Amino acid sequence: MTRRLLTGNGAAAWGARLAGVDYVPAFPITPQTEIIETLADWIDRGELAGRLVTLESEHSMITAAGAAAVTGVRVFSATSSQGLLYAMEMLYTVAGWRAPFVLVNVSRGLAAPITLEPDHNDILAARDSGFLQLHCATCQEVLDSVLLAYRLAEDERVRLPVIVNLDGFYLSFTREPVAIPEPEAARRFLPPFDPETNQFRASAPVSQAVAVLGGGPYSYFRYEMQLAAVNALTVYDEVAGDFAAAFGRTYAAVEDYQSHDAEVVFVMMGSFAIKAREAVDRLREAGWAVGLLRPRLLRPFPAGTFQRLLAGKRGVAVVDQNLSLGKGGVLYMELASALYGQPGAPPVLASFIGGLGGRDIGPEEFYAMARITRQAAEAGRAPPPRLLYTLEELREVRTLQAIAAVERRSLGETP
Amino acid sequence: MYRIRFHGRGGQGMKTAGRILGAAFFQEGFEVQDAPRYGAERRGAPIFAYVRAARAPINERGVIRQPDLVVVADDTLVPVPAAGVLAGVSEQTVLLIDSFDAPDVWRRRLNFPGPILILPAAEDVEDRAERRYVGAACAAAAARLVGVIPWPALAAAVRDELPGFNPAILQKNLDKAWDAYEQMAAHAGLVQERPAMPADVQQSPNWVELPFEDARFATPAIYAAATSVNVKTGLWRTLRPVIDYDRCNRCWWVCSTFCPDGAISVDPDGAPHIDYDHCKGCLVCVAQCPPHAIAAAPEHLAAAEEQP
Amino acid sequence: MNETVFRRMKDLPSTHLLGTGTPMCAGCGGLEAIHEIYDILGGKTVFVNAAGCMTLLSVYPFTPFRGSWLYTAMASAPAGAQGVRDALDILLAQNRLDPAEDVEVVVLTGDGAAYGMGLSATSAAIERGLDFLYICYDNEGYGNTGQQYSGATPHGARTATSLGRQGFRGYKKDLFAIWAAHRPAYVATVIGAEPLDLARKIETARSLRGPRLIIALSPCPTGWDYDPKETVAIGKLAVKTGVWPLQEYVDGQVAHTKVPHPRLPVEEYLKTQGRFAHLFSPERNEALLAEIQARVDAYWAEAGD
């Protein structure tokens, strides 16, 4: 197995290549564009036997992706942020078609204000759509997750599309060593696509994705999607087990870093969770009993795993790189609902929101979060949610506002 | 609370009937909830409207499961399962049908436990869908049956719910409503308010654990051709096209080509045949037949002739 | 085109492929055009649909199609067609699909999608040279939601969102010209009331490859407010008054397949429909009638009539 420096985007492209994808409907958007450029280049050189077609929008792109998947070919696509949202109607739609394919999302903060750097509001906006979600923290994990995602999507107990998420810039444009599986080994892990009833043939007429009127039938189809998504918890463990046996890398649904004897546990997704790992190491050196749980699988939500791993813990610091305006952090809400009323559930969950639009989270901030959570656990009362922001950052904004002629005293007066 | 359902076909004014009754109850100081229920707009297809009225705030929503009164504006709907005319009826439900047939005829036809009243079908108008005043008449009949709506309130409601109508047509509606109101005089108050079912009497909801099913079955996909023929859209028909084969000159099958639903087939001899299970009675064939060999007949008469 | 199977009315199909029992309104001009088209296209097709009246052709578990069907979304049926066509081509190229099993991909949308929301997807599909057919049933408004005005609504028409005395103040978009400007393989206008003309055009479309687009004017009893039995009569008047030109674009040229001669006054067409009743009563709106007539006259003058 060769090990090379690859960006996250490059790793995603390799995942698609090793999956032997047939069809790539594409549309460019920062910070994902390198993925489709790489695939287009390979196809032009004859290194990848697939077809890439640029659609005129992401809404059309996802429509074409789903349509090709229900016609019976293996499909790959990629987008980010505004593009994911532009396609939002179709994310729900193609999931309802039970179209099995893989979409890579390169996370990027959402407008407005429009920005280019990452956070998780885009991918989390899709959490109700019916797409399953895998969240990556390293470039290696990106490549591997694409292969895992196809096995998951195409399993007959699931048959739902899957999004593999990686952070823009911090993974998409960052090179790390990535072991690239041999094509033969990849093919053994991921056999060719079995379309099952996803087909259009002259001899077998089928009306797919038809309208359904009536709450009873509609509910049946939606509930079945839920059951399929929940099946994915079991299927994921099986597939991850197969992957570990084939390639020697283990990807549990929830990565458990030192939580077994921790009193305070960080819960965090994505590439910045690596920084939390580092903070755990430093805090442990300083005598703290801390750990980290990083969900890789977000949909379906691994509630049982969290209940088991957090039972008996004293405090949980949930770090959200997203913000549901008017409420707070999404991972925090998802975790709280999974733990409430469960035996041994930690009495204190603390919510921290940072990293929006690519904002860094410094080690001192991790230490502060750990301290606040521990103190709250001792006091037996959850602290109010904290939006991470420093005085220096505020001063910087004031300087910018001054240049933008936003004079606080004179606001409201004619200039 | 009074719980009342109106059943009719698109175009017969059931939504308006519900609104007239709702407005009349509202005028009399009741809390009201009225709503129509239909799929996409389809003239001739079954629709219903419902009205709830009570002295206290109404904490129910959605379709009425246990009606006190069911009003049927078009009796051809009664045998149509999709119309749901008899859904949720009990021996306390009053059934009022706008019909040419007598109550005992209906009692023989239906296994209906409660009182059956007839609103005599007012005119022998050929096309049932054209009976424009049946909405106001149904609302007025319902108002008399509940017994708490005096005529001036009902009349005011008719005027409120038909704004912008030509005065002559508005008056016609009021006249028809008055006739129906008077026709129900002997049964005034027959429809009573009923309380909601007590909680301890209600049956348990019969919940099941839905089993996981393979996506092959659990997707809205239809693995067969032309299953739509199972839907008897012929039941929409209020006028029936009938071919006079003596006049038919077996042209280039104008009727068969122009029938929007493809409900006219042509046999090997070139003679057209109308599929009455599916003909909606649009009468394009009648209008376009070059030798005028197709005539329109009232459906309820043609259907009656077919009875053994 | 010179050779046609459809020389006389008796050459039209006498058996019908599209199943009965659909919930379209009685007298639907759109359904009439579609069933005539389907008779000729046949069941070796997959209809890819955008939101509109015809979405309800297939409501679980009922479908009238003897071929296949895929419902997509309002704006993206051409993109859905792209995905299906590409996937079929991939399967054929890889010998995973027997050529006898191949199907023609047909987009079916109303005017709402074609003239408006779906225009960008159509434009891109033509630009990509997608091999597909596009059938637009044009009832000149957003029919399925109650006939609000759309990009296809003609000047002066009453719709649910143009209820004033002047009716709709906009003008019908020239979708034929917009599509033709893309230089696809074929564009044509048809109407169910002229079945022979329609049949020849479908036959031509079938014989070509690439993007082939058809607009079928679809008289709509519910939306245009007339007795359903007049659907064909009104369709014929649309042609005879010159309101609906029957034309085709092929090999870079536009030609009319029927030139109404003599051309009846547009009034003959307008007065048949309740949606234009305000042009005649309580008094005649001479200015608007004259404007509508003038625009039709100008069209045919330019067309070389």
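Reader: How many residues of domain 1 of chain A are in contact with domain 2 of chain A?

Author: Domain 1 of chain A has 25 residues in contact with 23 residues of domain 2 of chain A, where contact means heavy atoms within 4.5 Å. This is a predicted model, in which local features need pLDDT of at least 70, side-chain atom pairs count only at pLDDT 80 or more, and totals for chains, interfaces and linings use all residues. Residues are numbered from 1 along each chain as its sequence is written, chains are lettered from A and ligands numbered from 1 in the order written, and side-chain values use heavy atoms, leaving out hydrogens and water.

Reader: What makes Glu141(A) and Arg294(A) a salt bridge?

Author: The rule asks for a side-chain nitrogen of Lys or Arg within 4 Å of a carboxyl oxygen of Asp or Glu. In Glu141(A) and Arg294(A) the closest N and O atoms are 2.8 Å apart, so the pair qualifies.

Reader: What area is buried between domain 1 and domain 2 of chain A?

Author: About 2100 Å², with carbon and sulfur atoms giving 59%; buried area is the accessible area (1.4 Å probe) that two parts lose on being put together, summed over both. On the domain 1 side, His120(A), Arg127(A) and His135(A) lose the most area to domain 2 of chain A, together 26% of what that side buries.

Reader: Why are β1 and β3 of chain C called paired?

Author: Pairing needs at least two bridges found by DSSP. Strands β1(C) and β3(C) have 5 bridges, in the parallel sense, and therefore pair.

Methods:
Helix = DSSP H or I, 4+ residues; strand = E, 2+ residues; numbered from the N terminus.
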